[in-house]
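Please read the following report with the sequence and the 3D view side by side. It goes through a few local features one at a time.

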Amino acid sequence: MPKVSVIMPVYNTEKYLPQAIESILNQDFSDFEFIILDDCSKDKSFEICQLYAQKDKRIKLFKNKENKWISFCRNKLISLAETNLICSQDSDDISALNRISLLYNFLEKRPEFAVCSGNLEIIDENDKILWFRKYSQNIEKIILKKSPIANWASIFRKSAFLEVWGYDKNLDFAEDYDLWLKFFSKWYKIWVLQNFLSKHRIRTWQTKSKNLKQTLKNTIFVQKRAKNIYKIKASFSDYIHYFLLNIFLIFPSSFIIFLFKKLEYKNDKR
């Protein structure tokens, strides 16, 4: 029985897949299973995964019969996991080589925590580092304002995931934020290591207006549900932030992207 299950949904990322896969296979922590699910890619992504699966027995490769989108894929991947510790990997991102060991050691020593993550280096399509993103450790203060951690640099307990019924299958944007809110509502603790654990890639198509606006709409939706259904108590500043997010919907996507970068991205690691 491995100690960690690394899960990776794949869809049309043939250009970046080798880096993503190798960043996991070359970890300084080797006791894991690597579960990959191809969501009917139209490029050579599945064939690339097959080549790596033939070389490394830790890889367990699956393929959907039809395109199912991200929430379905992540739920399915976790259902296939043999361990209680789930490490998320995106198929175009690059994990730091000590990512799994740092996250695993934290959760092993602190059973009261359900999820732990780290900071991000933001890279472009050519691997150039553009910015750095640091997350606050003051989870309670920020969780109703924005997602408190990076899914791409996280590890969490499958037992807690199952208790809150996993990812909402109706959400394909902000589904990870909704999961953290559900954890928090059940009094599970969340933590952020101040290590840079993943290089998160920004690709041109990811900034299309419909994706950005839908992400913002879903963010507003899950925040409202967290207050009304999950019964997470909101502060006055939370309500102000929620109001401002609704106002942002009337602005063009280019302005929202500009503002987000100014507020969240830094030019150095300090």
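The model is predicted.

Strand β6 covers residues 113-123, and strand β7 covers residues 129-133. The two strands run antiparallel and are joined by four bridges. Across the pair, glutamate 121 stands opposite phenylalanine 132, which belongs to β7. Five residues lie between the strands of this hairpin, and aspartate 127 takes a positive phi near 75° there.

**The nonpolar cores**

Which residues have the most contacts inside the largest nonpolar core? They are Val4, Ile21, Phe34, Phe156, Leu181 and Phe183, in a core of 70 residues. Strand β6 gives the most to this core, namely six residues. Another core lies apart from it and has five residues, including Leu216, Tyr242, Leu245 and Ile256.

Leaving out residues up to four places away in sequence, phenylalanine 183 touches Ala114, Val115, Phe156, Ala160, Phe161, Val164 and Tyr188.

**The second largest pocket**

The second largest pocket has a volume of about 460 Å³. Its lining is made of 20 residues, and those nearest the centre of the pocket are Glu140, Ile143, Phe184, Trp187 and Ile232. By class, 12 residues of the lining are nonpolar, three are polar and five are charged.

Three elements, α5 (139-142), α7 (175-185) and β9 (189-201), each supply at least two residues of this lining. Strand β9 gives the most, with three residues.

**Two residues with a positive phi**

Asparagine 12 is not a glycine, yet it has a positive phi of about 55°. Asparagine 12 sits in the loop that runs between β1 (4-10) and α1 (17-25). Alanine 174 is not a glycine either, and its phi is positive at about 65°. Alanine 174 belongs to the loop between α6 (158-163) and α7.

| Residue | Relative accessible area | Class |
|---|---|---|
| Asparagine 12 | 27% | partly exposed |
| Alanine 53 | 22% | partly exposed |
| Alanine 174 | 11% | buried |
| Asparagine 246 | 31% | partly exposed |

Why is alanine 174 classed as buried? Its relative accessible area is 11%, and buried means under 20%, so alanine 174 falls in that class.

Alanine 53 has its place in helix α2, which spans residues 45-55. Where does alanine 53 make contact, leaving aside its neighbours within four places in sequence? The contacts of alanine 53 are with Ile59 and Leu61. Alanine 53 and isoleucine 35 are 18 residues apart along the chain, and their C-alpha atoms are separated by 9.9 Å.

Asparagine 246 is part of helix α9, residues 236-248. Along the chain, asparagine 246 and asparagine 119 are 127 residues apart, and 27 Å separates their C-alpha atoms.

How values were computed: Residues numbered from 1 in each chain as written. Predicted model: local features only at pLDDT ≥ 70, side-chain atom pairs only at ≥ 80, totals over all residues. Heavy atoms only, no water. Buried < 20%, exposed > 50% of the residue type's maximum accessible area, 1.4 Å probe, protein only. Contact = heavy atoms within 4.5 Å. Pairing = 2+ DSSP bridges. Core = buried A, V, L, I, M, F, W, Y, C linked by side-chain atoms within 4.5 Å. 1 Å grid on protein atoms, 1.4 Å probe; cavity = no way out; pocket = protein on both sides within 12 Å on 5 of 7 lines; lining within 4 Å. Points joined across faces, edges and corners; volume = space filled by probe spheres on them. Nonpolar A, V, L, I, M, F, W, Y, C, P; charged D, E, K, R; others polar.
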